[in-house]
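I opened the model to look up its sheets, its helices and a few single residues. My entries follow in the order in which I made them.

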Amino acid sequence: MRIELATSPGSVERPNEDWVSAALPASGQGGSLVALDGVTPPAGDDGCVHGVPWFTARLGGALLELSSTRRDLPLTEILSAAIRRTANSHRQTCDLSHVRTPQATVVLARWGGPLEDVEHLVLSDSALLVEAPSGEVRAVLDDRLDRLPREALRTHASADALRNAEGGFFTAAADPSVAERAVTGRTPRTEVRSLTALTDGASRWVDMFEEGDWAECVALVRREGPQGLIDRVRAVETATKERTAVIRWKLHDDAAVVFAEL
């Protein structure tokens with residue numbers, strides 16, 4: 001078993017809102033990984049006194065603990081319980097009904113013994129890459145945000161109207177029922193060589209800059225490690241400042257990568 005992870009803030013002036021971790025149970029059988037990309041709210045009130053980094057740390061910690069200890073629960077129930085636990089931890093101090101209450105994208109994967117399936121869950125625009133022993137790579141994506149017209153997201157008000165709403169896109173915020181909106185699935189463990197979770201600050205090496213395909217991305221992470229991929233992204237961002245600013249509004253975004261070779 002080989003597990004590596006790395007994360008880097010998009011700016012030294014702002015705290016990193018991504019959160020990544022992985023766990024291996026004491027039995028030595030299986031494990032789980034979590035990658036969260038905290039959603040940066042626009043300047044102004046979001047109804048919460050804590051902030052996005054606090055939220056992603058709380059939600060991520062709950063996801064890791066529950067996915068490791070409650071193997072009887074499917075991942076959708078794990079996410080639902082983690083959202084509920086996190087919401088309850090600041091319900092008395094914050095307005096959780098605020099449309100911009102702290103929220104995050106989610107990648108969650110769990111695997112057991114050699115004869116068990118690898119389970120996965122993806123919510124919003126982070127990515128999970130599932131590599132087969134043959135080297136073929138399948139990207140598990142929740143593409144609802146990408147399917148929306150860019151004009152629909154042009155203003156904060158128009159984006160807010162589509163956030164966690166029918167016809168829009170979904171993130172993990174304060175409503176446990178959003179777990180049912182996640183993209184989920186199972187793959188026999190014999191058909192999985194590795195898993196790579198990417199927040200969109202790292203996946204832009206493929207989906208924005210087109211420096212390689214998903215298989216080449218996994219090969220790069222295997223060869224140079226998660227930090228190697230992030231370093232490559234930063235180099236391309238710096239070299240293409242004008243293009244990046246037009247496409248995503250941010251020159252550099254928080255980036256996180258978890259790589260698990262099973």
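Entry 1, strand E5. I began with strand E5, residues 117–123, which is mostly covered: six of its seven residues are buried. Buried means under 20% relative accessible area, exposed means over 50%, and partly exposed lies in between, with a 1.4 Å probe and protein chains only. Helices (H or I, at least four residues) and strands (E, at least two) are DSSP runs, numbered from the N terminus.

I note the source here: this is a predicted model, where local features need pLDDT of at least 70 and side-chain atom pairs count only at pLDDT 80 or more, while totals for chains, interfaces and linings use all residues. Residues are numbered from 1 along each chain as its sequence is written, and side-chain values use heavy atoms, with hydrogens and water left out.

Entry 2, the partners of E5. I looked up the pairing next; two strands pair if DSSP finds at least two bridges between them. E4 and E5 run antiparallel and are joined by six bridges. A hairpin of five residues leads from E4 to E5. I found Ala109 opposite His120 of E5. With strand E8 (residues 183–188), E5 also pairs in the antiparallel sense, over six bridges. There His120 stands opposite Gly185 of E8.

For angles, axes are lines fitted to C-alpha atoms, for helices over the stretch in contact, and the angles run from 0 to 180 degrees between N-to-C directions. E3 and E4 pair over eight bridges in the antiparallel sense.

I checked its length: the expected span of a helix is 1.5 Å times one less than its number of residues. For the 18 residues of H1 (residues 52–69) that should give 26 Å, and the end C-alpha atoms are 26 Å apart, which agrees. The buried residues of H1 include Val52, Phe55, Leu59, Leu63 and Leu66. I found that the buried residues of H1 pack against strand E2 (18–23), strand E3 (31–38), helix H2 (75–90) and strand E4 (104–111). Contact here means heavy atoms within 4.5 Å.

Pro53 is in helix H1. It is partly exposed, with a relative accessible area of 29%. Not counting residues up to four places away in sequence, Pro53 touches Pro15, Asn16 and Glu17. I also looked up Trp19: it is 34 residues from Pro53 along the chain, and their C-alpha atoms are separated by 8.1 Å.

I located Arg163 in the loop between helix H4 (156–162) and E8. Is Arg163 buried or exposed? It counts as buried, at 14% relative accessibility. Leaving aside neighbours within four places in sequence, Arg163 is in contact with Val39, Val99, Gln103 and Phe169.

Another open sheet of five strands has the order E1-E10-E9-E6-E7, with antiparallel pairing. Strand E1 (2–8) and strand E7 (137–141) are at its edges with a single partner strand each, so one side of each lacks a neighbour in the sheet. The twist averages 10 degrees from one strand to the next. E1 and strand E10 (residues 255–261) run antiparallel and are joined by seven bridges. I found that Thr7 has Ala256 as its bridge partner in E10.

Helix H6 (residues 214–239) lies across E1, strand E6 (127–131), E7, E9 and E10, at about 145 degrees to E10. At what angle do H5 and H6 pack? I read about 105 degrees, with their axes 9 Å apart. H5 and H6 are therefore roughly perpendicular to each other. Angles under 35 degrees count as roughly parallel, over 145 as roughly antiparallel, 65 to 115 as roughly perpendicular and the rest as oblique.
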